[in-house]
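Visitor: I would like to learn how to read a few features of a protein model. Could we go through them one by one?

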Amino acid sequence: MDKPAAKKILISPVTRIEGHAKITIALKDNGEVDQAQFHVNEFRGFEKFCEGRMYTEMPTITPRICGICPVSHTIASVKACEMIQGIQPTYTANLLRRLMHIGQNISSHALSFFHLSSPDFLLGYDSDPASRNIIGLAEKFPDIALKGIRLRKFGQEISERITGKKIHAMGIVPGGMSYPLTKDNQQALMQWIPEALEAVQTGIRIIKEFHGVNGEMINSFATSPTMYLGTVGPNGEHELYDGLLRFVDAEGHVLQDQLSPTRYLEFIAERSVDWSYLKYPYYKPLGIEKGIYRVGPLARLNVADRMKTPLAQAEFLQFRALGNGQPVHGTFFFHYARLIETLAGVEEAAMLLQDPEVTGTHLQTFGRWNNATGIGASEAPRGTLFHHYETDDSGKLTMVNLLIATGQNNPSMNRSITDVARQYVHGAAVAEGMLNRVESAIRCYDPCLSCSTHAMGKMPMQIDIVNAGGEVLRSLQR
């Protein structure tokens, strides 16, 4: 006699994230959770359709991968192009790039916290899902909703004031920048700083108050230890724009430090899985099972020794104290780490805007094709991002590999939803609020699925043919 099929709970779609995905929760015969899986069911093939293009086109093409983190893609891409040409950007160009990168991180982190996640904190995980969103938040907490919207606007306006565009800015080019920052725009951005600081500190107050009331839930929420990867400065300081790679293990020991991103293939391998379009990277020296690592705000604060600005440093010390001398593994603490980075970004933006060279006009150096390989990296809002290009001697791309932060978090996201499902799901008859908690484990990572779906190998596809009553008549699978 055939064994009966395992019972499954389907969460589709996963809400309040960028992109399209679903979660399946497989139950054992006794109704307890066996395993949960995060299925990314969209596919975009940027890696393949860029082949044959000129490498110089990539800083224009790759920002279109994502409307939330286009600057990170542009910076990683332009660094790869500069490696191909063998050139470096000017001092003023680096200032403007840093500003734009900070602005994008502020904008993305504000969107993640205030728009996508705070409805759970302020309205409740078990509140009506029809109003558990930014609209419901604006109705009940209009001041907080407005602060989040304004903080995001500040981040976007940094790009607009420099290049004329909030999204998919075109001014970052090999060798530097196309546009200067005018003194009028410099002053306009400086005027934003007090308001932006207040908004971030409001977010930090919200998350700390939630921690205080819900400590038991937070301290048990997807706490499986992992390794961490992030970029740091020469003295181990938190660095998003131009750092070197650092890996730490689950106990906080540094495994690799000050690695050039050009060596990423020595330490990171990718594999595809048959149930998602999202790759499954791992740390090569430890293999598939033990090499799970995380990237993003939580990882960056776990690998860094200190922050570069005073207010963020004070929060960083409180954050690190949560780990009692080890990394902070709780997945829920992504939110706190995200806000600390936002605070650091506002402080650093204020410092950069006061640099006398920020309105300079020496913006670009020039070069030509000199090397077949180009590899660039940046810390996108969701974690370490790599662009790797191989070219022929005419400059046409023969291979493109984009190692996206969300992809690197994929093994941990699957582990996290399994942990949370086992904690809250007991039997098939489960309340919606419990399933929302499973979804919220994904929201902690703030995944960007449009960025990250560039799967290699077998591409799973299933088509269900249903009748008007919703009955599945036939399923086709490849």
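Visitor: Which residues in α4 and α8 meet?

Guide: A note before that: this is a predicted model. Phe-113, Phe-114, Phe-121 and Leu-122 come from α4, and they meet Ala-199, Gly-203, Ile-206, Ile-207 and Phe-210 of α8. By class, the residues of this contact are eight nonpolar, one polar and no charged.

Visitor: How do I describe the way α4 and α8 cross, and at roughly what angle?

Guide: Two packed helices are described by the angle between their axes and the distance between the axes. Here the axes of α4 (residues 91–123) and α8 (residues 193–213) come within 11 Å and cross at roughly 30 degrees. Angles under 35 degrees count as roughly parallel, so α4 and α8 are roughly parallel to each other. The crossing of α4 with α8 is left-handed.

Visitor: Are α13 and α14 roughly parallel or roughly antiparallel?

Guide: For α13 (residues 310–321) and α14 (residues 334–353), the axes come within 8 Å and cross at roughly 160 degrees. The two helices are therefore roughly antiparallel. Their crossing is left-handed.

Visitor: Which residues make the contact between α13 and α14?

Guide: On the α13 side they are Pro-310, Leu-311, Ala-312, Glu-315, Phe-316, Gln-318 and Phe-319, and on the α14 side Tyr-336, Ala-337, Ile-340, Leu-343, Ala-344 and Glu-347. Sorted by class, the residues of this contact are 10 nonpolar, one polar and two charged.

Visitor: How is α3 placed against α4, and at roughly what angle do the axes cross?

Guide: The axes of α3 (residues 70–85) and α4 come within 8 Å, with a crossing of roughly 145 degrees. From α3 the contact takes Pro-70, Val-71, Ser-72, Ile-75, Val-78 and Glu-82, and from α4 it takes Arg-97, Met-100, His-101 and Gln-104. This contact of α3 with α4 has five nonpolar, three polar and two charged residues.

Visitor: How many disulfides does the structure hold?

Guide: A disulfide is a covalent bond between the sulfur atoms of two cysteines. The structure holds zero disulfides. Take Cys-50: the closest cysteine sulfur is in Cys-81, 11 Å away, which is too far for a bond. Cys-50 is buried, at 1% relative accessibility.

Visitor: What should I look for in the backbone, and which peptide bond is cis?

Guide: Most residues other than glycine have a negative phi, and most peptide bonds are trans. In this model the peptide bond from Ser-12 to Pro-13 is cis, with omega near 0 degrees. Pro-13 sits in the loop between β1 (8–11) and β2 (21–27).

Visitor: Where does Gln-258 lie, and what is its phi?

Guide: Gln-258 is part of strand β8 (residues 254–259). Its phi is positive, about 55 degrees, although the residue is not a glycine. Gln-258 is partly exposed, at a relative accessible area of 30%.

Visitor: Is Asp-446 buried or exposed?

Guide: Asp-446 counts as buried, at 6% relative accessibility. It is found in the loop between α17 (432–445) and α18 (449–452). Phi of Asp-446 is near 50 degrees, a positive value in a residue other than glycine.

Conventions:
Residues numbered from 1 in each chain as written. Predicted model: local features only at pLDDT ≥ 70, side-chain atom pairs only at ≥ 80, totals over all residues. Heavy atoms only, no water. Axes fitted to C-alpha atoms, helices over the stretch in contact; angles between N-to-C directions. Helix = DSSP H or I, 4+ residues; strand = E, 2+ residues; numbered from the N terminus. Parallel < 35°, antiparallel > 145°, perpendicular 65-115°, else oblique. Left-handed = near helix turned anticlockwise from the far one by under 90°. Contact = heavy atoms within 4.5 Å. Nonpolar A, V, L, I, M, F, W, Y, C, P; charged D, E, K, R; others polar. Disulfide = S-S within 2.5 Å. Buried < 20%, exposed > 50% of the residue type's maximum accessible area, 1.4 Å probe, protein only.
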